[in-house]
Amino acid sequence: MEWSGEMIGEDCVNLVKTQLKGDGDFRSPECVELLKQADIVVTNPPFSIAREYFIPLLFEHKKDFIIVGDLNWVAYKTVFPLFKENKMFFGYTNIKEFRRPDGTMQKFGNKCWFTN
């Protein structure tokens, strides 16, 4: 789903909800077009392909972002240079747990926020 609207305080006005035609893969032409329209990307990308495809895609399109990722990403050849060049940073806090759809909590020790 694509969500867009104007934020005023905690309220969202003029909300538009658009059903995706494809499967929602961020690499699809449909999703890349939505990415081009975004001011900032806030997401939990698929960890298995985020560092090789998603993060480079964000930089290719010059997008501001806040994403959830694995602490070990910093050691990968596609991510480490971004830290070294001060183009990517750790967020302020680490993520210790996620709430699952069934209401239970999943605890983690190595998930964090990444931003630019």
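Q: With helices (H or I, at least four residues) and strands (E, at least two) taken as DSSP runs numbered from the N terminus, where is Lys111 found?

A: Lys111 is found in strand 6. Please keep in mind that this is a predicted model, in which local features need pLDDT of at least 70 and side-chain atom pairs count only at pLDDT 80 or more, while totals for chains, interfaces and linings use all residues. Residues are numbered from 1 along each chain as its sequence is written, and side-chain values use heavy atoms, with hydrogens and water left out.

Q: OK, and is Lys111 buried or exposed?

A: Lys111 counts as buried because its relative accessibility is 9%, where buried means under 20% relative accessible area, exposed means over 50% and partly exposed is in between, with a 1.4 Å probe and protein chains only.

Q: Which side chain has a polar contact with Lys111?

A: That of Asp70, with 2.9 Å between the two side chains; a polar contact is a pair of N or O atoms within 3.5 Å, where within protein one must be able to donate a hydrogen and the other to accept it, and residues adjacent in sequence count only if both atoms are side-chain atoms.

Q: And what else is Lys111 in contact with?

A: If contact means heavy atoms within 4.5 Å, and neighbours within four places in sequence are left aside, Lys111 is in contact with Phe47, Gly69, Asp70, Asn94, Ile95 and Phe98.

Q: Stepping back, how many helices and strands are in the protein chain?

A: The protein chain has three helices and six strands, and read along the sequence they follow the pattern β-β-α-β-α-β-α-β-β. Of its 116 residues, 25% count as buried.

Q: What is the order of the strands in the open sheet?

A: The open sheet has four strands in the order 3-4-6-5, with mixed pairing, where two strands pair if DSSP finds at least two bridges between them. Strand 3 (40-43) and strand 5 are the edge strands, each pairing on one side only.

Q: Over how many bridges do strand 5 and strand 6 pair?

A: They pair over seven bridges, in the antiparallel sense, and Glu97 stands opposite Lys107 in strand 6. The hairpin of these two strands has five residues between the strands, and in it Gly103 takes a positive phi near 95 degrees.

Q: What about strand 4 and strand 6?

A: Strand 4 (residues 64-70) and strand 6 are also antiparallel, with pairing over five bridges. Ile67, whose place is in strand 4, stands opposite Phe114 in strand 6.

Q: Why does Ile67 count as buried?

A: Ile67 counts as buried because its relative accessibility is 0%. Apart from neighbours within four places in sequence, its contacts include Phe54, Ile55, Leu58, Trp73 and Cys112. Ile67 and Cys112 are 45 residues apart in sequence, and their C-alpha atoms are 8.3 Å apart in space.

Q: Which strands does helix 2 lie across?

A: Helix 2 (residues 47-60) lies across strand 3, strand 4 and strand 6, and runs at about 165 degrees to strand 4. For that angle, axes are lines fitted to C-alpha atoms, for helices over the stretch in contact, and angles run from 0 to 180 degrees between N-to-C directions.

Q: Switching to rings, what is the count of aromatic pairs?

A: Rings of Phe, Tyr and Trp (its six-membered ring) pair if their centres lie within 6.5 Å, with planes under 30 degrees apart counted as stacked, over 60 as edge-to-face and the rest as tilted. By this rule the count is eight aromatic pairs. One of them is the edge-to-face pair of Phe83 and Phe114, at 6.0 Å centre to centre and 80 degrees between the planes. This pair links distant parts of the chain, 31 residues apart, with Phe83 in helix 3 (residues 80-84) and Phe114 in strand 6 (residues 105-115). Both Phe83 and Phe114 are buried.

Q: Which residues do ring pairs link into a cluster?

A: The cluster linked by ring pairs consists of Phe47, Trp73, Phe83, Phe90 and Phe114.

Q: Last one: which ring does the charged end of Arg51 sit over?

A: The charged end of Arg51 sits over the ring of Tyr76, 3.5 Å from its centre, where the criterion is that NZ of Lys or CZ of Arg is within 6 Å of the ring centre and within 35 degrees of the ring normal. Arg27 likewise lies over the face of Tyr53, at 5.3 Å from the ring centre.
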